[in-house]
Amino acid sequence: MNNERSETAVNANCNRPPSLTAVSPFSFTDGNPAPTFVIDLDHVITHWNKACEQMLGRSAAEMIGTSDQWQPFYEKARPVMADFVVSGVGEELVDAYYKDKFRRSASIPDAYEAEDFFRQLGESGRWLSVSAAPLRNEQGVVVGAIQVMQDITRQKLAELSLYQTQLHLEQLVANRTDQLARANALLEEDVKQREVVETQLLVRNAELTELNAKLSTAQAQLVQSEKLASIGQLAAGVAHEINNPIGYIFSNFNSLSTYLERLFAMLAAYEAAEAKVADRQVADGLAAMRKKVELDFLKEDIPVLMSESQEGIVRVRKIVQDLKDFSRVQDDSDWQWADLHQGIDATLNIVNNEVKYKADIVKQYGDLPEVECLPSEINQVVMNIVVNAAHSIGPARGAITIRTKAVGDRAVLEISDNGSGIAKENLARIFDPFFTTKPVGKGTGLGLSLSYGIIQKHRGQIEVESELGKGTTFRISLPIRHAAPEAQP
Ligand SMILES: Nc1ncnc2c1ncn2[C@@H]1O[C@H](COP(=O)(O)OP(=O)(O)O)[C@@H](O)[C@H]1O
Ligand SMILES: [Mg+2]
(Lines give C-alpha, C1' and ligand atoms only; values in the text may rest on other atoms or scores of the structure.)
(Ligands and ions follow the chains in the order given, each with its own letter.)
Protein backbone atom coordinates (compact mmCIF):
# COMPACT_ATOMS: atom_id res chain seq x y z
CA MET A 1 0.00 0.00 0.00
CA ASN A 2 2.84 2.27 0.84
CA ASN A 3 4.59 1.62 -2.44
CA GLU A 4 1.44 1.89 -4.40
CA ARG A 5 0.68 5.30 -3.09
CA SER A 6 4.22 6.46 -3.62
CA GLU A 7 4.20 5.30 -7.17
CA THR A 8 0.88 6.92 -7.84
CA ALA A 9 2.30 10.11 -6.56
CA VAL A 10 5.33 9.83 -8.82
CA ASN A 11 3.33 8.94 -11.90
CA ALA A 12 0.87 11.74 -11.48
CA ASN A 13 3.68 14.21 -11.50
CA CYS A 14 3.15 15.86 -14.89
CA ASN A 15 -0.48 16.81 -15.17
CA ARG A 16 -2.04 16.83 -11.68
CA PRO A 17 -2.51 19.84 -9.43
CA PRO A 18 0.47 20.48 -7.15
CA SER A 19 1.20 17.38 -5.14
CA LEU A 20 3.93 15.72 -3.15
CA THR A 21 4.92 13.66 -6.20
CA ALA A 22 7.27 16.49 -7.06
CA VAL A 23 9.35 15.57 -4.03
CA SER A 24 11.60 12.57 -4.14
CA PRO A 25 10.29 10.43 -1.35
CA PHE A 26 13.61 8.77 -0.74
CA SER A 27 15.31 11.94 0.19
CA PHE A 28 13.03 12.24 3.24
CA THR A 29 12.64 8.70 4.12
CA ASP A 30 14.98 5.96 5.04
CA GLY A 31 18.20 7.75 4.09
CA ASN A 32 17.40 10.50 6.59
CA PRO A 33 18.69 9.74 10.08
CA ALA A 34 16.31 12.27 11.63
CA PRO A 35 12.82 10.97 12.42
CA THR A 36 10.76 12.55 9.67
CA PHE A 37 7.27 12.24 8.22
CA VAL A 38 5.44 14.08 5.50
CA ILE A 39 1.75 14.83 5.02
CA ASP A 40 -0.03 16.05 1.96
CA LEU A 41 -2.54 18.81 1.65
CA ASP A 42 -5.27 16.44 2.85
CA HIS A 43 -3.29 15.79 6.05
CA VAL A 44 -2.65 12.25 4.90
CA ILE A 45 0.75 10.77 5.73
CA THR A 46 2.80 10.12 2.61
CA HIS A 47 6.20 9.42 4.14
CA TRP A 48 7.23 7.87 7.53
CA ASN A 49 10.89 7.04 7.65
CA LYS A 50 12.84 4.38 9.52
CA ALA A 51 14.06 6.72 12.19
CA CYS A 52 10.46 7.78 12.72
CA GLU A 53 9.44 4.16 13.11
CA GLN A 54 12.13 3.65 15.71
CA MET A 55 11.40 6.75 17.66
CA LEU A 56 7.61 6.67 17.58
CA GLY A 57 7.12 2.90 17.62
CA ARG A 58 4.75 2.88 14.61
CA SER A 59 5.68 1.34 11.32
CA ALA A 60 5.41 3.12 7.98
CA ALA A 61 2.98 0.43 6.86
CA GLU A 62 0.72 1.32 9.78
CA MET A 63 0.87 5.04 9.27
CA ILE A 64 1.16 5.96 5.58
CA GLY A 65 -2.19 6.67 4.00
CA THR A 66 -3.75 7.60 7.35
CA SER A 67 -4.12 10.87 9.18
CA ASP A 68 -3.06 9.28 12.46
CA GLN A 69 0.06 11.39 12.85
CA TRP A 70 -1.22 12.55 16.30
CA GLN A 71 -1.44 9.02 17.67
CA PRO A 72 2.17 8.43 18.76
CA PHE A 73 2.13 11.76 20.55
CA TYR A 74 -1.26 12.29 22.11
CA GLU A 75 -4.14 10.41 23.73
CA LYS A 76 -6.82 12.22 21.74
CA ALA A 77 -6.89 13.33 18.13
CA ARG A 78 -5.55 16.81 17.55
CA PRO A 79 -3.49 18.61 14.89
CA VAL A 80 0.27 18.22 15.03
CA MET A 81 2.65 20.89 13.88
CA ALA A 82 2.76 19.65 10.26
CA ASP A 83 -1.06 19.95 10.16
CA PHE A 84 -0.81 23.59 11.11
CA VAL A 85 1.72 24.22 8.37
CA VAL A 86 -0.52 22.61 5.77
CA SER A 87 -3.72 24.35 6.78
CA GLY A 88 -1.92 27.62 7.38
CA VAL A 89 -3.80 28.28 10.59
CA GLY A 90 -3.04 31.36 12.59
CA GLU A 91 -0.39 31.62 15.23
CA GLU A 92 -3.03 31.88 17.93
CA LEU A 93 -4.10 28.34 17.25
CA VAL A 94 -0.54 27.06 17.24
CA ASP A 95 -0.03 28.88 20.43
CA ALA A 96 -3.17 27.33 21.92
CA TYR A 97 -1.91 23.82 21.16
CA TYR A 98 1.76 24.30 21.81
CA LYS A 99 1.34 26.86 24.53
CA ASP A 100 4.20 29.27 24.53
CA LYS A 101 6.68 26.55 23.63
CA PHE A 102 6.61 27.13 19.88
CA ARG A 103 8.44 29.75 17.87
CA ARG A 104 8.54 30.75 14.22
CA SER A 105 11.63 29.42 12.46
CA ALA A 106 14.25 32.05 11.93
CA SER A 107 15.48 30.60 8.61
CA ILE A 108 12.51 28.95 6.85
CA PRO A 109 9.36 30.97 6.03
CA ASP A 110 6.12 29.61 7.48
CA ALA A 111 8.00 26.96 9.45
CA TYR A 112 7.57 26.37 13.20
CA GLU A 113 9.71 24.90 15.93
CA ALA A 114 8.78 23.73 19.38
CA GLU A 115 10.17 21.77 22.25
CA ASP A 116 7.78 19.69 24.31
CA PHE A 117 7.51 16.72 26.57
CA PHE A 118 5.48 13.76 25.28
CA ARG A 119 4.31 11.50 28.04
CA GLN A 120 3.25 8.73 25.69
CA LEU A 121 6.67 8.18 24.22
CA GLY A 122 9.13 5.60 25.52
CA GLU A 123 8.87 4.21 29.02
CA SER A 124 8.53 7.45 30.89
CA GLY A 125 7.99 10.04 28.15
CA ARG A 126 10.47 11.91 25.99
CA TRP A 127 11.46 15.45 25.23
CA LEU A 128 11.30 16.22 21.54
CA SER A 129 12.36 19.13 19.48
CA VAL A 130 9.75 19.33 16.75
CA SER A 131 10.00 21.39 13.58
CA ALA A 132 7.61 21.50 10.66
CA ALA A 133 7.98 23.26 7.34
CA PRO A 134 5.90 23.55 4.17
CA LEU A 135 6.96 21.47 1.16
CA ARG A 136 6.73 23.28 -2.17
CA ASN A 137 6.86 22.09 -5.74
CA GLU A 138 9.05 23.63 -8.40
CA GLN A 139 6.54 26.45 -8.86
CA GLY A 140 6.84 27.24 -5.19
CA VAL A 141 3.31 26.09 -4.41
CA VAL A 142 2.81 24.37 -1.07
CA VAL A 143 2.09 20.69 -1.60
CA GLY A 144 2.38 19.37 1.94
CA ALA A 145 4.37 19.62 5.13
CA ILE A 146 7.34 17.85 6.56
CA GLN A 147 7.80 17.31 10.28
CA VAL A 148 11.16 16.43 11.75
CA MET A 149 11.66 15.37 15.36
CA GLN A 150 14.74 15.20 17.48
CA ASP A 151 14.96 13.43 20.79
CA ILE A 152 16.36 15.99 23.20
CA THR A 153 15.53 14.04 26.35
CA ARG A 154 19.18 13.60 27.34
CA GLN A 155 19.90 17.26 26.74
CA LYS A 156 16.80 18.23 28.70
CA LEU A 157 17.69 15.89 31.55
CA ALA A 158 21.20 17.28 31.54
CA GLU A 159 19.73 20.78 31.59
CA LEU A 160 17.42 19.72 34.37
CA SER A 161 20.23 18.24 36.39
CA LEU A 162 22.30 21.32 35.68
CA TYR A 163 19.36 23.42 36.75
CA GLN A 164 18.99 21.30 39.86
CA THR A 165 22.70 21.54 40.56
CA GLN A 166 22.45 25.26 40.06
CA LEU A 167 19.40 25.39 42.34
CA HIS A 168 21.31 23.33 44.87
CA LEU A 169 24.30 25.62 44.53
CA GLU A 170 22.11 28.66 44.85
CA GLN A 171 20.52 27.06 47.89
CA LEU A 172 23.97 26.40 49.30
CA VAL A 173 25.03 29.97 48.62
CA ALA A 174 21.80 31.23 50.13
CA ASN A 175 22.32 29.01 53.18
CA ARG A 176 25.91 30.10 53.50
CA THR A 177 24.92 33.76 53.07
CA ASP A 178 22.24 33.25 55.66
CA GLN A 179 24.74 31.63 58.04
CA LEU A 180 27.20 34.42 57.39
CA ALA A 181 24.50 37.02 57.96
CA ARG A 182 23.57 35.31 61.23
CA ALA A 183 27.20 35.02 62.26
CA ASN A 184 27.63 38.65 61.34
CA ALA A 185 24.55 39.64 63.33
CA LEU A 186 25.88 37.63 66.28
CA LEU A 187 29.23 39.34 65.93
CA GLU A 188 27.59 42.74 65.74
CA GLU A 189 25.51 41.88 68.78
CA ASP A 190 28.68 40.72 70.50
CA VAL A 191 30.48 43.93 69.58
CA LYS A 192 27.50 45.94 70.82
CA GLN A 193 27.47 44.05 74.09
CA ARG A 194 31.18 44.55 74.43
CA GLU A 195 30.71 48.25 73.81
CA VAL A 196 27.97 48.36 76.42
CA VAL A 197 30.16 46.46 78.88
CA GLU A 198 33.04 48.74 78.02
CA THR A 199 31.01 51.90 78.66
CA GLN A 200 29.71 50.31 81.84
CA LEU A 201 33.29 49.60 82.82
CA LEU A 202 34.28 53.17 82.02
CA VAL A 203 31.37 54.51 84.06
CA ARG A 204 32.24 52.11 86.86
CA ASN A 205 35.84 53.19 86.67
CA ALA A 206 34.86 56.86 86.78
CA GLU A 207 32.61 56.12 89.75
CA LEU A 208 35.42 54.26 91.46
CA THR A 209 37.84 57.09 90.76
CA GLU A 210 35.35 59.57 92.16
CA LEU A 211 34.72 57.34 95.15
CA ASN A 212 38.43 57.05 95.67
CA ALA A 213 38.82 60.82 95.54
CA LYS A 214 35.98 61.17 98.05
CA LEU A 215 37.62 58.58 100.26
CA SER A 216 40.90 60.48 100.11
CA THR A 217 39.13 63.69 101.02
CA ALA A 218 37.21 61.95 103.79
CA GLN A 219 40.43 60.42 105.04
CA ALA A 220 42.19 63.78 104.95
CA GLN A 221 39.28 65.33 106.80
CA LEU A 222 39.32 62.49 109.30
CA VAL A 223 43.03 62.95 109.87
CA GLN A 224 42.46 66.66 110.17
CA SER A 225 39.62 66.26 112.64
CA GLU A 226 41.64 63.68 114.58
CA LYS A 227 44.46 66.20 114.84
CA LEU A 228 42.00 68.88 115.75
CA ALA A 229 40.39 66.70 118.36
CA SER A 230 43.64 65.76 120.06
CA ILE A 231 45.06 69.23 119.76
CA GLY A 232 41.74 70.48 121.04
CA GLN A 233 42.03 68.41 124.19
CA LEU A 234 45.62 69.50 124.71
CA ALA A 235 44.71 73.10 124.01
CA ALA A 236 41.78 72.97 126.38
CA GLY A 237 44.08 71.75 129.15
CA VAL A 238 46.86 74.19 128.42
CA ALA A 239 44.49 77.09 127.97
CA HIS A 240 42.82 76.32 131.25
CA GLU A 241 46.15 76.13 133.10
CA ILE A 242 47.57 79.29 131.54
CA ASN A 243 44.40 81.30 131.60
CA ASN A 244 44.41 81.84 135.35
CA PRO A 245 48.05 82.90 135.90
CA ILE A 246 48.01 85.04 132.78
CA GLY A 247 44.85 86.66 134.10
CA TYR A 248 46.45 87.78 137.35
CA ILE A 249 49.77 88.60 135.66
CA PHE A 250 47.82 90.87 133.33
CA SER A 251 45.93 92.62 136.13
CA ASN A 252 49.00 92.75 138.40
CA PHE A 253 50.89 94.24 135.53
CA ASN A 254 48.42 97.05 135.27
CA SER A 255 48.82 97.72 138.98
CA LEU A 256 52.58 97.48 138.63
CA SER A 257 52.51 100.12 135.91
CA THR A 258 50.58 102.56 138.09
CA TYR A 259 52.84 101.77 141.06
CA LEU A 260 55.93 102.43 138.95
CA GLU A 261 54.53 105.73 137.75
CA ARG A 262 54.06 106.72 141.35
CA LEU A 263 57.57 105.53 142.28
CA PHE A 264 59.06 107.51 139.38
CA ALA A 265 57.16 110.58 140.57
CA MET A 266 58.53 110.05 144.08
CA LEU A 267 62.04 109.54 142.65
CA ALA A 268 61.76 112.78 140.71
CA ALA A 269 60.83 114.53 143.94
CA TYR A 270 63.81 112.98 145.73
CA GLU A 271 66.14 114.01 142.90
CA ALA A 272 64.86 117.56 143.04
CA ALA A 273 65.48 117.59 146.81
CA GLU A 274 68.96 116.12 146.43
CA ALA A 275 70.53 119.51 145.64
CA LYS A 276 69.24 120.84 148.95
CA VAL A 277 70.81 118.14 151.07
CA ALA A 278 73.18 120.06 153.41
CA ASP A 279 75.20 117.08 154.55
CA ARG A 280 78.01 116.77 152.06
CA GLN A 281 78.61 113.13 152.82
CA VAL A 282 74.98 112.18 152.31
CA ALA A 283 74.82 114.16 149.08
CA ASP A 284 77.92 112.44 147.69
CA GLY A 285 76.60 109.02 148.78
CA LEU A 286 73.33 109.62 146.90
CA ALA A 287 75.17 110.73 143.75
CA ALA A 288 77.45 107.70 143.86
CA MET A 289 74.44 105.44 144.41
CA ARG A 290 72.57 107.02 141.46
CA LYS A 291 75.53 106.43 139.24
CA LYS A 292 75.99 102.90 140.45
CA VAL A 293 72.38 101.85 139.75
CA GLU A 294 72.38 103.84 136.49
CA LEU A 295 69.22 105.57 137.56
CA ASP A 296 68.93 107.62 134.33
CA PHE A 297 69.12 104.46 132.23
CA LEU A 298 66.59 102.72 134.46
CA LYS A 299 64.18 105.65 134.13
CA GLU A 300 64.47 105.31 130.39
CA ASP A 301 64.44 101.56 130.09
CA ILE A 302 61.86 100.50 132.65
CA PRO A 303 58.86 102.04 130.77
CA VAL A 304 60.08 100.36 127.52
CA LEU A 305 60.42 97.00 129.26
CA MET A 306 57.03 97.48 130.85
CA SER A 307 55.27 98.22 127.61
CA GLU A 308 57.03 95.39 125.78
CA SER A 309 56.09 92.96 128.51
CA GLN A 310 52.55 94.21 128.45
CA GLU A 311 52.40 93.60 124.71
CA GLY A 312 53.73 90.09 125.33
CA ILE A 313 51.12 89.44 127.95
CA VAL A 314 48.37 90.70 125.62
CA ARG A 315 49.65 88.37 122.93
CA VAL A 316 49.72 85.40 125.29
CA ARG A 317 46.20 86.24 126.37
CA LYS A 318 45.16 86.30 122.70
CA ILE A 319 46.73 82.90 122.11
CA VAL A 320 45.04 81.48 125.17
CA GLN A 321 41.75 82.96 123.98
CA ASP A 322 42.30 81.39 120.54
CA LEU A 323 43.05 78.08 122.16
CA LYS A 324 39.94 78.35 124.27
CA ASP A 325 37.86 79.19 121.18
CA PHE A 326 39.51 76.36 119.38
CA SER A 327 38.56 73.80 121.99
CA ARG A 328 35.26 75.27 122.96
CA VAL A 329 32.38 72.87 123.07
CA GLN A 330 29.73 74.27 120.79
CA ASP A 331 26.49 75.34 122.28
CA ASP A 332 23.96 74.41 119.61
CA SER A 333 21.50 77.05 120.71
CA ASP A 334 23.72 79.61 118.91
CA TRP A 335 22.61 78.50 115.42
CA GLN A 336 20.95 81.41 113.66
CA TRP A 337 19.78 82.51 110.25
CA ALA A 338 22.24 85.22 109.36
CA ASP A 339 23.07 87.56 106.50
CA LEU A 340 26.64 86.58 105.58
CA HIS A 341 27.27 89.88 103.78
CA GLN A 342 26.49 91.79 106.96
CA GLY A 343 28.88 89.59 108.95
CA ILE A 344 31.65 89.98 106.35
CA ASP A 345 31.25 93.78 106.36
CA ALA A 346 31.42 93.91 110.19
CA THR A 347 34.52 91.74 110.19
CA LEU A 348 36.20 93.90 107.54
CA ASN A 349 35.61 96.91 109.80
CA ILE A 350 37.37 95.21 112.69
CA VAL A 351 40.42 94.19 110.61
CA ASN A 352 40.49 97.47 108.73
CA ASN A 353 43.69 98.50 110.52
CA GLU A 354 45.53 95.40 109.39
CA VAL A 355 44.38 95.72 105.79
CA LYS A 356 44.02 99.36 104.85
CA TYR A 357 47.71 100.14 104.32
CA LYS A 358 48.34 97.00 102.26
CA ALA A 359 45.40 96.22 99.99
CA ASP A 360 42.13 97.36 98.51
CA ILE A 361 39.09 95.29 99.35
CA VAL A 362 37.02 94.38 96.29
CA LYS A 363 33.54 93.11 97.08
CA GLN A 364 31.73 91.00 94.50
CA TYR A 365 28.63 89.97 96.40
CA GLY A 366 26.11 87.74 94.66
CA ASP A 367 22.54 86.93 95.65
CA LEU A 368 22.65 85.04 98.92
CA PRO A 369 19.78 83.96 101.09
CA GLU A 370 20.28 83.97 104.84
CA VAL A 371 22.41 81.09 106.00
CA GLU A 372 21.79 79.03 109.11
CA CYS A 373 25.11 79.20 110.94
CA LEU A 374 27.07 80.25 114.00
CA PRO A 375 27.61 83.85 112.82
CA SER A 376 30.40 84.84 115.19
CA GLU A 377 32.40 81.77 114.22
CA ILE A 378 31.93 82.39 110.51
CA ASN A 379 33.10 85.95 111.16
CA GLN A 380 36.17 84.55 112.83
CA VAL A 381 36.93 82.43 109.77
CA VAL A 382 36.56 85.44 107.48
CA MET A 383 38.83 87.45 109.78
CA ASN A 384 41.55 84.77 109.78
CA ILE A 385 41.53 84.46 106.03
CA VAL A 386 41.44 88.21 105.36
CA VAL A 387 44.26 88.88 107.82
CA ASN A 388 46.34 86.08 106.26
CA ALA A 389 45.65 87.59 102.85
CA ALA A 390 46.83 91.01 104.04
CA HIS A 391 49.97 89.40 105.51
CA SER A 392 50.75 87.70 102.18
CA ILE A 393 50.83 91.00 100.32
CA GLY A 394 54.31 92.49 99.93
CA PRO A 395 55.38 96.13 99.86
CA ALA A 396 53.38 96.86 96.69
CA ARG A 397 49.70 97.52 97.26
CA GLY A 398 47.55 94.48 96.52
CA ALA A 399 43.90 93.53 96.31
CA ILE A 400 41.73 91.23 98.35
CA THR A 401 38.61 90.14 96.51
CA ILE A 402 35.60 88.74 98.31
CA ARG A 403 33.04 86.91 96.19
CA THR A 404 29.78 85.29 97.25
CA LYS A 405 27.18 83.27 95.40
CA ALA A 406 24.52 80.64 95.98
CA VAL A 407 25.09 77.31 94.26
CA GLY A 408 22.12 74.99 94.68
CA ASP A 409 21.49 74.58 98.39
CA ARG A 410 24.89 75.94 99.37
CA ALA A 411 26.38 79.37 99.94
CA VAL A 412 29.84 79.84 98.46
CA LEU A 413 32.33 82.40 99.71
CA GLU A 414 35.66 83.04 98.01
CA ILE A 415 38.45 85.21 99.34
CA SER A 416 41.30 85.81 96.88
CA ASP A 417 44.50 87.77 97.23
CA ASN A 418 47.27 88.57 94.81
CA GLY A 419 49.93 88.07 97.45
CA SER A 420 52.87 85.73 97.83
CA GLY A 421 51.02 82.47 97.27
CA ILE A 422 51.70 79.25 99.15
CA ALA A 423 54.55 76.87 98.32
CA LYS A 424 53.36 73.45 97.17
CA GLU A 425 55.01 71.63 100.04
CA ASN A 426 53.18 73.84 102.54
CA LEU A 427 49.77 73.63 100.91
CA ALA A 428 48.89 70.38 102.65
CA ARG A 429 49.96 71.70 106.04
CA ILE A 430 48.36 75.11 106.33
CA PHE A 431 45.32 73.71 108.15
CA ASP A 432 47.55 71.94 110.67
CA PRO A 433 47.45 73.47 114.15
CA PHE A 434 50.55 75.54 114.87
CA PHE A 435 51.74 75.44 111.27
CA THR A 436 53.01 78.89 110.45
CA THR A 437 55.61 80.40 108.16
CA LYS A 438 55.50 83.68 109.98
CA PRO A 439 58.23 84.87 112.36
CA VAL A 440 57.91 84.01 116.02
CA GLY A 441 55.51 86.45 117.60
CA LYS A 442 53.69 87.23 114.39
CA GLY A 443 51.91 83.95 113.70
CA THR A 444 50.41 81.32 115.97
CA GLY A 445 49.56 78.87 113.20
CA LEU A 446 46.12 78.44 114.73
CA GLY A 447 44.00 80.66 112.48
CA LEU A 448 43.39 78.22 109.64
CA SER A 449 43.07 75.10 111.77
CA LEU A 450 40.48 76.94 113.84
CA SER A 451 38.73 77.98 110.67
CA TYR A 452 38.84 74.42 109.38
CA GLY A 453 37.18 73.17 112.55
CA ILE A 454 34.49 75.82 112.32
CA ILE A 455 33.67 75.00 108.70
CA GLN A 456 33.59 71.32 109.53
CA LYS A 457 31.17 71.98 112.33
CA HIS A 458 28.96 73.69 109.73
CA ARG A 459 29.25 70.60 107.52
CA GLY A 460 30.75 72.84 104.89
CA GLN A 461 33.98 72.67 102.90
CA ILE A 462 37.05 74.82 102.82
CA GLU A 463 39.47 74.55 99.92
CA VAL A 464 42.52 76.43 98.88
CA GLU A 465 44.07 77.15 95.51
CA SER A 466 47.37 78.90 95.35
CA GLU A 467 50.17 79.73 92.98
CA LEU A 468 53.48 80.91 94.29
CA GLY A 469 54.05 84.54 93.35
CA LYS A 470 50.51 84.96 92.00
CA GLY A 471 48.16 84.66 94.93
CA THR A 472 45.77 82.48 96.85
CA THR A 473 42.05 81.77 96.86
CA PHE A 474 40.19 80.25 99.78
CA ARG A 475 36.79 78.82 98.86
CA ILE A 476 34.24 78.06 101.54
CA SER A 477 30.96 76.37 100.83
CA LEU A 478 28.29 76.15 103.51
CA PRO A 479 24.95 74.40 103.47
CA ILE A 480 22.31 77.12 103.55
CA ARG A 481 20.21 75.08 105.97
CA HIS A 482 22.06 73.56 108.88
CA ALA A 483 21.38 69.85 109.19
CA ALA A 484 21.42 68.45 112.71
CA PRO A 485 24.27 65.92 113.01
CA GLU A 486 21.91 62.98 113.63
CA ALA A 487 20.03 63.79 110.42
CA GLN A 488 23.23 63.29 108.47
CA PRO A 489 23.87 59.92 106.90
N1 LIG B 1 46.56 84.14 101.86
C2 LIG B 1 47.71 83.51 102.16
N3 LIG B 1 48.81 83.73 101.39
C4 LIG B 1 49.96 83.09 101.66
N5 LIG B 1 50.13 82.20 102.68
C6 LIG B 1 49.07 81.96 103.48
C7 LIG B 1 47.82 82.59 103.27
N8 LIG B 1 46.96 82.13 104.20
C9 LIG B 1 47.66 81.27 104.98
N10 LIG B 1 48.93 81.16 104.55
C11 LIG B 1 49.98 80.30 105.12
O12 LIG B 1 49.38 79.42 106.06
C13 LIG B 1 50.01 79.51 107.28
C14 LIG B 1 49.04 79.21 108.41
O15 LIG B 1 48.10 80.23 108.52
P16 LIG B 1 47.35 80.43 109.88
O17 LIG B 1 46.82 79.09 110.32
O18 LIG B 1 46.39 81.53 109.78
O19 LIG B 1 48.50 80.77 110.88
P20 LIG B 1 49.34 82.12 110.98
O21 LIG B 1 48.63 83.16 110.19
O22 LIG B 1 49.34 82.41 112.42
O23 LIG B 1 50.66 81.76 110.43
C24 LIG B 1 50.60 80.90 107.28
O25 LIG B 1 51.70 80.99 108.14
C26 LIG B 1 51.02 81.07 105.84
O27 LIG B 1 52.25 80.43 105.56
MG1 LIG C 1 46.62 83.59 110.41
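Val386 lies in helix α11 of this predicted model; helices here are DSSP runs of H or I with at least four residues, strands are runs of E with at least two, and both are numbered from the N terminus. Because its relative accessibility is 1%, Val386 counts as buried, where buried means under 20% relative accessible area, exposed over 50%, and partly exposed in between, with a 1.4 Å probe and protein chains only. When neighbours within four places in sequence are left aside, Val386 is in contact with Leu348, Val351, Val355, Ile400, Ile402 and Ile415; contact means heavy atoms within 4.5 Å. The C-alpha atoms of Val386 and Ile344 are separated by 10.0 Å, and these residues are 42 apart along the chain.

Residues are numbered from 1 along each chain as its sequence is written, chains are lettered from A and ligands numbered from 1 in the order in which they are written, and side-chain values use heavy atoms, with hydrogens and water left out. As the model is predicted, local features need pLDDT of at least 70 and side-chain atom pairs count only at pLDDT 80 or more, whereas totals for chains, interfaces and linings use all residues.

Helix α11 (residues 375-392) also packs against helix α13 (residues 447-457): their axes come within 9 Å and cross at roughly 145°. Axes are lines fitted to C-alpha atoms, for helices over the stretch in contact, and angles run from 0 to 180 degrees between N-to-C directions. The α11 residues Glu377, Ile378, Gln380, Val381, Asn384, Ile385 and Asn388 meet Gly447, Leu448, Leu450, Ser451, Ile454, Ile455 and Lys457 of α13. By class, this contact has seven nonpolar, five polar and two charged residues; Ala, Val, Leu, Ile, Met, Phe, Trp, Tyr, Cys and Pro count as nonpolar, Asp, Glu, Lys and Arg as charged, and the others, Gly among them, as polar.

The largest pocket holds about 1200 Å³ of space. Of the 42 residues that line this pocket, Val387, Asn388, His391, Lys438 and Lys442 are the closest to its centre. Two or more lining residues come from each of α9 (295-327), α10 (340-355), α11, α13 and β13 (471-479), and α11 gives the most, with nine residues. The lining divides into 16 nonpolar, 17 polar and nine charged residues. On a 1 Å grid over the protein atoms alone, a pocket is an open set of points with protein on both sides within 12 Å along at least five of seven lines, a cavity is a set of points where a 1.4 Å probe fits but cannot get out, and lining residues have an atom within 4 Å of a point. Grid points are joined across faces, edges and corners, and a volume is the space filled by probe spheres set on the points.

The structure holds one cavity of 30 Å³ or more. The largest cavity has a volume of about 30 Å³ and is lined by Trp335, Glu372, His458, Leu478, Pro479 and His482. Three of these lining residues are nonpolar, two are polar and one is charged.

Arg459 is placed in the loop between α13 and β12 (461-467). The phi of Arg459 is near 55°, a positive value in a residue other than glycine. With 34% relative accessibility, Arg459 counts as partly exposed. A positive phi, near 70°, is also found at His43, again a residue other than glycine. His43 lies in the loop between β1 (36-40) and β2 (45-48) and is partly exposed, at a relative accessible area of 24%. Most residues other than glycine have a negative phi.

Thr153 belongs to helix α7 (residues 153-274). Its relative accessible area is 11%, so Thr153 is buried. Apart from residues up to four places away in sequence, Thr153 touches Arg126 and Trp127. A distance of 9.8 Å separates the C-alpha atoms of Thr153 and Asp116, which are 37 residues apart along the chain.

Over the whole protein chain, the secondary structure comes to 13 helices and 13 strands. Buried residues make up 33% of the 489 residues. Among contacts with a separation of 6 or more, 60% are between residues 24 or more positions apart.
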